[in-house]
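Here's a quick briefing to read with the model open beside you. Have a look at the fold first, then work through the points below.

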Amino acid sequence: MSETILRVERLRVAYDHPRGVVRAVDDVSFSLRPHERFGLAGESGSGKSTMALAILRMIKRPGRIEGGEVWLGDTALSGLDTDRMRALRLAGIAMVPQGSMNSLNPVVRIRDQIGDALADHGVGLKGRALAERVRDLLAQVGLPPDVARKYPHELSGGMKQRACIAIAICLRPKVIIADEPTSALDVVVQKQVMQTLGRVQQDLGAAIILVGHDMGLMAQFVDRLGIMYAGRLVEVAPIRDIITAPRHPYTRMLIESLPSLEQRGGLRGIPGLAPLLRELPPGCAFHPRCPAATERCRSEKPAVRAMGEDATVACHLA
Ligand code: SF4
């Protein structure tokens, strides 16, 4: 088996709801190689951000990790106590969050936010040493040194997102999880931020999980793509294979809904809506929207099957 830096095994996340248990992540497994860029895509509510939080053990009540395991190298994260897990966040696995304005402290200068992150992990730098470290980190993400003295509201959206990347890489993590890092940015700034993210990932030799719903962005950035639907990982494959020959009907429809220059007429969307997780249809959760659904799909949930070393799919017809 090829080398892995992160392994997610049969992960399940549940939310306790007055009408029963809602499963937001349902038996999800995948692995990440060192230096690999792995994408997680799907519609809103498919469970991709929940899975990112579950990897970091940051699910809050009424949610809970119901089962499964996450391994970072040889370390099983469920075996770590709260302090060791807290230390591993940022140092081992770091998150670049969605919406940088909400994740940066509005009343603390960027320099001090980076200093706090370092100090919280036992790297207590002060004065000149801190200034140099901050300057280096800002340079790594393409920000000028004077950003160190600024408050978040003095920065543009793209600069704020780069400041978040600088914090995320301050302890040289092995894995970076970027949760829709460009969702609030215009396309030009989006491209610049993704280039920055790609460059720092290479400098660090880290692996990255990019969470999002922009299939065009995924096609340009990731090596392998996982597609989530209703809490399940329904297809995983190398990006070229999945774009040119998707095996799962949902993946195919997501790709077909991308606008293209050759296409005339209106955009093609996926009919219907993603199901409510507390009211999933029986069998394959995608069957009410799937043009290829058969009788079997309405009653039997498709198992996840391996398609070679790099790919999996959960569809009766694959
Ligand atoms: Fe469609 Fe059936 Fe495959 Fe589900 S299992 S995606 S309903 S063909």
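Which residue in β5 is the bridge partner of W71? That's A76. Keep in mind that this is a predicted model, where local features need pLDDT of at least 70, side-chain atom pairs count only at pLDDT 80 or more, and totals for chains, interfaces and linings use all residues. Residues are numbered from 1 along each chain as its sequence is written, and side-chain values use heavy atoms, with hydrogens and water left out.

**Strands and hairpins**

- Helices (H or I, at least four residues) and strands (E, at least two) are DSSP runs, numbered from the N terminus, and two strands count as paired if DSSP finds at least two bridges between them.
- β4 (residues 63–72) pairs with β1 (residues 6–17) in the antiparallel sense, over eight bridges; L6 has L72 as its partner there.
- β4 also runs antiparallel to β5 (residues 75–76), with two bridges joining them.
- Two residues sit between the strands in that β4–β5 hairpin, and G73 takes a positive phi near 60°.

**The eight-stranded sheet**

- Eight strands make up an open sheet with mixed pairing, in the order β6-β7-β8-β3-β9-β10-β12-β11.
- β6 (93–96) and β11 (305–306) are at the edges with a single partner strand each, so one side of each has no neighbour in the sheet.
- Within the sheet, β9 (residues 224–229) and β10 (residues 232–238) pair in the antiparallel sense over six bridges, and M228 stands opposite L233 in β10.

**Two helices**

- R57 follows α1 and has a positive phi, near 55°.
- In α2 (residues 82–91), the buried residues are M85, L88 and L90.

**Around the ligand**

- There are 13 residues around the ligand (a heavy atom within 4 Å of it), and C284, C290, C297, C315 and H316 come nearest.
- By class, that shell has ten nonpolar residues (Ala, Val, Leu, Ile, Met, Phe, Trp, Tyr, Cys and Pro), three polar (the others, Gly among them) and no charged ones (Asp, Glu, Lys and Arg).

Technical notes. Buried < 20%, exposed > 50% of the residue type's maximum accessible area, 1.4 Å probe, protein only.
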